[in-house]
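Q: Please take a close look at one part of this model for me. I'd like the packing first, then whatever sits around it.

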Amino acid sequence: MASQNQYKVTESDLNNLKQWFSRYVQSFYSTDPVVQQNIVLKEKHSLRVCDEIMNIGKQLDLSQNNLRLVEVIALFHDIGRFEQFTRYKTFADKKSENHGELGVKVLQQEKTLTALDEETRELILKAISYHNRLNIPEDESSSCIYFSKLLRDADKLDIFNLVSTYYYLGDSERSTAVELDLPDTPTVSDEIVNSVRDGKMIGMQQLRSLNDFKLLQMAWIYDINYQPTFQMIQERGYIKKIRDVLPASNKIDQIYYRILHHLKKCSEFSDFNQLSPI
């Protein structure tokens with residue numbers, strides 16, 4: 001088990017990395033309104049994920065050093081998105097490249113993390129590369145798994161927030177990039193319904209429609225790791241907001257109520273807080 005003092009991020013490190021992030025993102029600002037809209041979308045998302053991970057981390061009583069560490073992880077988790085959209089004009093990894101792996105390449109090529117020690121750099125890069133995978137490798141260190149799960153929780157919290165508002169916008173305000181270029185058809189794939197019902201993990205490559213994506217987002221509740229995250233999802237009503245923009249269906253209703261039951265149970269299950277980074 002890694003000691004709490006294994007990873008080091010000073011206040012000066014954090015401030016310097018925040019300044020680097022701002023300069024880097026601004027280098028992708030564009031006079032093309034579509035590009036600019038999507039660059040700013042991911043910039044704001046990254047900053048909100050920082051807020052979410054800090055909120056969760058404080059409720060888990062992380063040390064000040066570990067709070068700085070998770071803020072850096074959150075700040076850079078989508079750093080590959082800016083080059084991805086500029087180059088490919090999409091956020092769909094299957095149409096471009098894996099944005100987690102691209103983010104690791106960017107940070108390595110730019111030597112962004114050179115002020116940090118090797119162990120801290122390695123942890124940050126692994127958490128970024130794992131944040132959009134179906135699963136975190138089971139043979140990773142307990143610390144890496146802990147912080148990677150924390151990032152995945154914070155990332156999902158902000159995506160829940162984003163889509164639960166986005167799906168209620170008018171057509172003129174919608175963006176195909178947010179929808180991963182999926183068609184907005186009135187159906188949901190049987191494969192997705194059956195997989196969610198059976199508790200199976202779903203890969204992004206299986207999605208055939210925007211409704212498939214919405215159902216997948218509801219099922220993310222089974223990939224949440226910490227009690228404070230469950231509580232915030234429940235308090236903010238994200239699952240209901242997504243269910244309300246899915247088609248009327250007995251199968252989807254059954255899935256919805258099962259997810260709500262799981263959410264309520266986990267919100268009250270204090271053992272989730274027994275996971276520790278040390």
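**A close look at H7**

A: H7 and helix H10 (residues 227-236) pack at an angle of about 5°, their axes 10 Å apart; axes here are lines fitted to C-alpha atoms, for helices over the stretch in contact, and angles run from 0 to 180 degrees between N-to-C directions.

Before going on, a word on provenance. This is a predicted model, where local features need pLDDT of at least 70 and side-chain atom pairs count only at pLDDT 80 or more, while totals for chains, interfaces and linings use all residues. Residues are numbered from 1 along each chain as its sequence is written, and side-chain values use heavy atoms, with hydrogens and water left out. Helices are DSSP runs (H or I, at least four residues), as are strands (E, at least two), numbered from the N terminus.

Back to the pairing. On the H7 side, Asp153, Leu157 and Phe160 meet Thr229, Met232, Ile233 and Arg236 of H10; contact means heavy atoms within 4.5 Å.

Further along H7, which covers residues 142-166, you'll find Ser148. Ser148 has a relative accessible area of 0%, so it is buried (under 20%; exposed is over 50%, partly exposed in between, with a 1.4 Å probe and protein chains only). Leaving out residues up to four places away in sequence, Ser148 touches Ala127, Tyr130 and Ile136.

Now zoom out to the core. A nonpolar core is a set of buried Ala, Val, Leu, Ile, Met, Phe, Trp, Tyr and Cys residues joined through side-chain atoms within 4.5 Å. The largest one has 89 residues, and Phe76, Ile79, Leu150, Leu215 and Ile233 have the most contacts inside it. H7 gives the most to this core, with 11 residues. As for Ile79, its contacts, again skipping residues up to four places away in sequence, are Trp20, Phe21, Tyr24, Gly103, Val106 and Leu107.

Last stop: the loop between H7 and helix H8 (190-197), where Leu180 sits. Most residues other than glycine have a negative phi. Leu180, though, has a phi near 55°, a positive value, and Asp181, in the loop between H7 and H8 too, has a positive phi near 60°. Leu180 is buried at a relative accessible area of 13%, whereas Asp181, at 27% relative accessibility, counts as partly exposed.
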